[in-house]
Amino acid sequence: MRTDTPTVIGLDDYRPSDHLADTIHLDILLHPTATRIVAETAFRPNPAGRPGAPLVLDGDELRLCGIELDGQPLPAEAFEASPQGLTVLAPPQRPFRLRVVTEVDPTANTKLMGLYRSGGIYCTQCEADGFRRITYALDRPDVLSVYTTRIEADESEAPTLLGNGNPGEAGAIPGTGRHFAIWHDPFPKPGYLFAVVGGRLGKVSKPFTTMSGRPVEIAVHVEPGKEPRAEYALDALERSMRWDEEVFAREYDLDVFNVVAVSDFNMGAMENKGLNIFNDKYVLASPETATDSDYANIEAVIAHEYFHNWTGNRITCRDWFQLCLKEGLTVFRDQEFSSDQRSRAVHRIGEVRTLRARQFTEDAGPLAHPVRPNQFREINNFYTATVYEKGAEIVRMLKTLLGEADFAAGMTRFFETCDGTAATVEDFLDAFAAVSGRDLSDFARWYVQSGTPVVTVRTEYDPAQARYRIDLTQETPPTPGQAEKGPLVLPVALGLVSPTGAAIAADCADLRPDGVHVMAGSRASLIFENVRERPVPSLFRGFSAPVKLRLDLGDDDLLALLEHDSDPFNRWQAAQMVAMRLLVGQATSESGTPVEASLLRLALALGRVLVVESERDPAFAALLLSLPSETEIAQEIGSDVDPDAVHRAWLAARGTIGTVLAADLAAIRAATEPDGAYSPDAASAGRRALRNVALDLLASADPAFGEREADRQLAAAGNMTDRLAALAVLSRIPGDTRERALARFAEDFAGEPLVLDKWFGIQAAIPEPGTLDRIHGLTSHPAFSFTNPNRVRALVGSLALANPTQFHRADGAGYAFLADIVLMLNGSNPQVAARLLTAFSTWRTVEPGRRANAESQLKRIAREQNLSPDVSDIVARSLSEA
């Protein structure tokens, strides 16, 4: 393990590599504990580098077994080698070939970076800097090489051998029991996109014909016997490939496309060229084991990794500061795909809920950073919601700013001009500036300025002049390292709505024909003429910019938007704003007096909307009934948060809504009883979502009824969605029924690790004082393992991120537990440890007693010797005052 203090790397420190690697030939002899890698690389001096510079290759825990230059052993005095790097002191100032032999132990590689074994399967994970754990290399994203890989293994252990690119020669090695396969990738790529897989795998496949008529075999490889559970992933892959052709005119470029599912994986998936490696939770699905959310996530992640073939692989990043260039852009692309496959309105609301829960929280805490950071200590800690989700919002704003035609032309120009290069954010924006003729320098501030803008709105109506005025001001609070903020370019999509429901047409010189005003400064005023009645403004329609909105509208106006606005996002948003005001008021009230009258008005308005929406769009209706989460409420309060008070307010509001709408909810339950075989399609999933939200609210109003109904649903459920929803309801109702249900569920799915992850997660999220003891006990469960990231995230992550009252316990026990786990995993899997540690990001917002307990645990971690760079970076930033 690296024990040195992480070095701060700055964006301004970038300089080109002194050497280039045109081709890399790898011979990988797989062995459980002693895999040997022979790497022969064709190097040459980089004309843009330093003349005469040494060849400095990256390494990480490597054992050097041999080194030759142009076929001759390299003298000991000509190089310096350690497990962390290899330097050829005076390389030739001409093209030359370096042959390096290394040895690694895949079984002992618990960090799951580089080459490791997962359930008997050899696999790799090289992003961001894992290739250096396989061989010494120029392991940086701007060094692109053509790879040829020969993989050799014991045929009985690994009958399937997969690599990047197209398959070549393969066969048995006589008299050895071993076999080999050669793979060649004709497209230059950086080392982080390298991959190999070897193991005993089942396969589902089908032919695919590209838009130019080229045949491609697409395949998904899984644990033998689980092939039927890969069919949906294969279907999602085929739909993704076709969609990318139809929407972005991007055609796949190799002869095969392989997806491999493994059980031990730190990330969701990895876009290695032609060989995507996935966490098996994003591949395996059947009605008996996967929920509707699982199916939707599989579809989205399969699409995301495939779309990287162009936005990430064919065009990669110059350096890791440009991570948002591939990730934010590809998230935007997968969001558009999912919106086309499902309900666009529902999907947009889901995107925004994720952004607010994860990225807004990140922006408000010590880990805030720009979408393109200007420095980092450990790049693995910057695979964040800011880079991914906020990065996608920037692309979406760019599309709104430019319009459909210029955005499409800009994407085409970006693909054409940057294909085969390691690009920057500037290259991306330059493509759009070139086709649109617009200066995007002010818009580029979104990439370099951290924090969430707060837009305050003041309105004024003059009936005598038939004039309506909207004043907008924007301000971004200070964030670590950025005390001063400039105004951001905000596309404000808006409309005016009559309190009785009609859209109001009005004249406004500063509004584009498409209903968008581009706010470029700190303040803006919009004057609407010929407004014959007082309107209600519908602002930032479709969440046209990632801002926090402060409106001077009363509940009556917001409820009018809920019932009448033509924009579905703002209808949902209006209900959320009314609910948030009530919840914040109740959670921060010293008396804790329920605001029954206001809640009653909200519930009745929701009831009126349900009459229409439960039939027209059940998924949208389900979202309308979902209150802001406890995390969102705490974020809105902002300081001195008491998680217990937030939880009480949340429970009380749900109970009131469930009581007021009991008859409607019961009718919804009856109307959506399952009546056929399970299907994961959007319409069916929407009906199940609404039915299960109804159950949840009814149980909040009447726990005894909820217990009976949930137990009945659990027993009768024919799919995992309904089964898990019922179990979640039961989990919050203490008693023998709950414990029996949990025990029965574990027995029924004892051989299904991914299903038991859901079982672990439900228990870890129970908002009761006994939950921490329950979790301690579950760490000894036969199905739990600290070496499997999915198990750890399910149990420990659910406590830290989905159970505010118990993670933020007043006695500090939740903080101490997470600190113990972080320190335990620090050496074996620092990436997982660091990501768990980010749960402390809100510690400064809780009330003083909890704040002191959290700080104490963070300081305990900081004092530990031999912290990994991953954990050291997070804890240092979490404690920083700047």
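Start by selecting Glu127: at 2% relative accessibility it counts as buried (under 20% relative accessible area; over 50% is exposed and in between is partly exposed, with a 1.4 Å probe and protein chains only). A word on ground rules: this is a predicted model, where local features need pLDDT of at least 70, side-chain atom pairs count only at pLDDT 80 or more, and totals for chains, interfaces and linings use all residues. Residues are numbered from 1 along each chain as its sequence is written, and side-chain values use heavy atoms, leaving out hydrogens and water.

Glu127 sits in the loop between strand 11 (121–125) and strand 12 (145–154); strands are DSSP E runs of at least two residues, helices H or I runs of at least four, numbered from the N terminus. Now show its neighbours: leaving aside residues up to four places away in sequence, Glu127 touches Met113, Tyr192, Met267, Met270, Glu271, Trp320, Leu323, Lys326, Glu327 and Tyr383 (contact means heavy atoms within 4.5 Å). Zoom in on Tyr383, whose side chain makes a 2.6 Å polar contact with that of Glu127 (N or O atoms within 3.5 Å; within protein, one able to donate a hydrogen and the other to accept it, and residues adjacent in sequence counting only if both atoms are side-chain atoms).

Next, select helix 3 (residues 323–341): its end C-alpha atoms are 27 Å apart, in agreement with the 27 Å its 19 residues should span at 1.5 Å a residue (1.5 Å times one less than the number of residues). Helix 3 is mostly covered, with 17 of its 19 residues buried.
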